[in-house]
Amino acid sequence: MKPRALACVLLFALLAAGQKPADKPEKKNVMAFANGAVVVSFTDQYSHAFGALNLLDGGTEMWSSEDQAKPPHEFVIELAQPYRLEAVTFDSTTAQEPSYPGISAKGVEVWVSQASAKAGFRKVAAAELPKQAVHDVPLPAGTVARWVKLVVTGNHGNANYTELTEVRATGAPVGAATTPKITGNYKTNYGDLNLSSTGGRITGCYYEGSGVVNGASDGRNINFEWRQPGRRGTAVMVLSSAGALNGYWFENGARQGVWFGERLSDTPKSCARAASVKESLDASGRAVLYGVHFDSDSAQLRADSAPTLSDVVAALKAQPALKLRVEGHTDSTNTDAYNLDLSKRRAQAVVAWLVGKGIDGRRLTAEGFGKAKPVADNGTAQGRALNRRVEVVAIQ
């Protein structure tokens with residue numbers, strides 16, 4: 001068999017088995033919201049739907065300036081930790097040309113700081129961007145930053161608006177990451193949000209306790225399920241070093257809006273309802289377990305899953321007649337066959353853990369759904385993170 005024909009056979013075999021052939025690893029986008037980067041200040045935006053946070057979401061939604069807002073338009077982005085940056089990529093592919101001719105961002109500058117979000121910035125690069133295109137701006141060797149200020153100095157001639165789709169950056173971490181304090185009371189655009197963090201598990205409430213949240217955090221990124229009477233959904237947030245929350249909320253599998261706020265106090269107000277697995281099951285018959293984590297592309301449970309799974313054990317012991325279906329869910333990456341198999345094995349791993357803690361296996365079933373039941377948009381990295389989850393559902 002000729003080498004090229006053999007390669008085709010091997011590729012077909014990998015795809016038939018539900019596996020992807022090995023690709024050249026992509027460099028991590030350290031300016032992605034899903035990787036802990038967040039916009040901490042900006043000069044203007046047309047609306048939340050065309051907000052500055054869209055620059056980091058990995059999707060096709062864009063930032064737009066206010067009507068007739070004059071440049072410069074500035075954005076200060078806090079990275080998850082200091083990085084030695086190689087380049088910043090500006091993407092204007094979804095700018096609304098030709099409906100608004102000249103709306104694409106053109107002149108840009110890159111400034112960096114290791115001191116704070118408000119001081120110590122120095123300009124390291126400037127460039128002119130083509131319309132509706134992706135353009136890489138290389139940075140000088142040794143450029144280290146924790147905060148990056150991006151300045152849009154002009155567009156291609158539109159008198160009313162300027163638009164930019166996405167910004168990305170590549171680089172290597174420098175030093176250790178810091179973990180901001182999550183527990184606290186926050187004033188948000190949906191009223192007070194009270195969060196408590198214990199061992200990576202997040203619980204809390206909003207709307208004076210009528211809404212509850214239950215999820216998990218890696219110390220900076222927060223994923224949780226929210227519930228209020230008659231409604232439920234998911235949310236993803238990033239907490240800045242100054243204690244500001246920024247993120248998106250989802251309902252019925254689609255992104256609905258932004259959820260953001262500032263820390264008022266390190267002490268959260270008490271919640272009228274307990275945000276536990278039992279409370280979730282009592283309220284809606286199911287609970288999302290964002291605190292259950294696996295090794296990448298694996299059904300091996302990580303040790304930090306224990307607090308959330310122990311809450312499931314407590315719910316089962318409190319209600320001896322309760323039976324649960326453990327559901328595994330994935331995002332839309334990889335093949336359908338691969339996702340279905342991985343989600344089933346992860347659900348089975350959770351069942352095995354619960355049985356190991358003394359739960360009768362006859363009260364538990366495991367089922368994998370792959371990508372079939374998303375709770376967020378698979379078009380963005382943060383949406384895919386919310387879709388990778390385990391749920392438990394009460395059954396008869």
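Helix 2 buries Val277, Glu279, Ser280 and Leu281. Buried means under 20% relative accessible area, exposed means over 50%, and partly exposed lies in between (1.4 Å probe, protein chains only). Helices (H or I, at least four residues) and strands (E, at least two) are DSSP runs, numbered from the N terminus. After helix 2 comes Gly285, and its phi is positive, near 80°. This is a predicted model, in which local features need pLDDT of at least 70 and side-chain atom pairs count only at pLDDT 80 or more, while totals for chains, interfaces and linings use all residues. Residues are numbered from 1 along each chain as its sequence is written, and side-chain values use heavy atoms, with hydrogens and water left out.

Move on to helix 3, residues 306-318. Its 13 residues should span 18 Å at 1.5 Å a residue, and its end C-alpha atoms are 18 Å apart, which agrees. The expected span is 1.5 Å times one less than the number of residues. Thr308, Leu309, Asp311, Val312, Val313, Ala315 and Leu316 are buried in this helix. An α-helix has 3.6 residues a turn, so residues three or four places apart point the same way. What do the buried residues of helix 3 pack against? Their partners are strand 11, helix 2, strand 18 (323-329), helix 4 (336-356) and strand 19 (364-368).

A search of the whole structure finds one disulfide, a term for a pair of cysteine sulfur atoms within 2.5 Å. Cys205 is joined to Cys271, with 2.2 Å from S to S. The torsion about the S-S bond is about -85°, so this disulfide is left-handed. The bond links distant parts of the chain, 66 residues apart. Cys205 sits in strand 11 (residues 201-206), and Cys271 sits in the loop between strand 16 (254-265) and helix 2 (277-284). Is each cysteine buried or exposed? Cys205 is buried at 2% relative accessible area, whereas Cys271 is partly exposed at 30%.

Now look at Thr188, in strand 9 (residues 184-188). Thr188 is buried, with a relative accessible area of 11%. Its side chain makes a polar contact with the side chain of Trp259, at 3.1 Å. A polar contact is a pair of N or O atoms within 3.5 Å; within protein, one must be able to donate a hydrogen and the other to accept it, and residues adjacent in sequence count only if both atoms are side-chain atoms. A polar atom of the Thr188 side chain also lies 3.0 Å from the backbone nitrogen of Tyr190. Leaving aside neighbours within four places in sequence, Thr188 is in contact (heavy atoms within 4.5 Å) with Leu193, Trp259, Phe260 and Gly261.

Rings of Phe, Tyr and Trp (its six-membered ring) pair if their centres lie within 6.5 Å; planes under 30 degrees apart count as stacked, over 60 as edge-to-face and the rest as tilted. The whole structure holds eleven aromatic pairs. In one of them, Phe33 and Tyr248 have ring centres 5.8 Å apart and planes at 75°, so the pair is edge-to-face. Phe33 lies in the loop between helix 1 (3-16) and strand 1 (38-42), and Tyr248 lies in strand 15 (residues 244-251), 215 residues apart. Phe33 is buried at 0% relative accessible area, and Tyr248 is buried at 1%. Tyr46 and Tyr161 form an edge-to-face pair too, 5.8 Å centre to centre with 80° between the planes. Here Tyr46 is partly exposed at 44%, whereas Tyr161 is buried at 17%.

The charged end of Lys149 sits over the ring of Trp111, 5.0 Å from its centre. The charged end of Lys373 sits over the ring of Phe369, at 4.2 Å. This label requires NZ of Lys or CZ of Arg within 6 Å of the ring centre and within 35 degrees of the ring normal.

Finish at Gln132, in the loop between strand 5 (122-128) and strand 6. Gln132 is partly exposed, at 34% relative accessibility. A polar atom of its side chain lies 2.8 Å from the backbone oxygen of Ala95.
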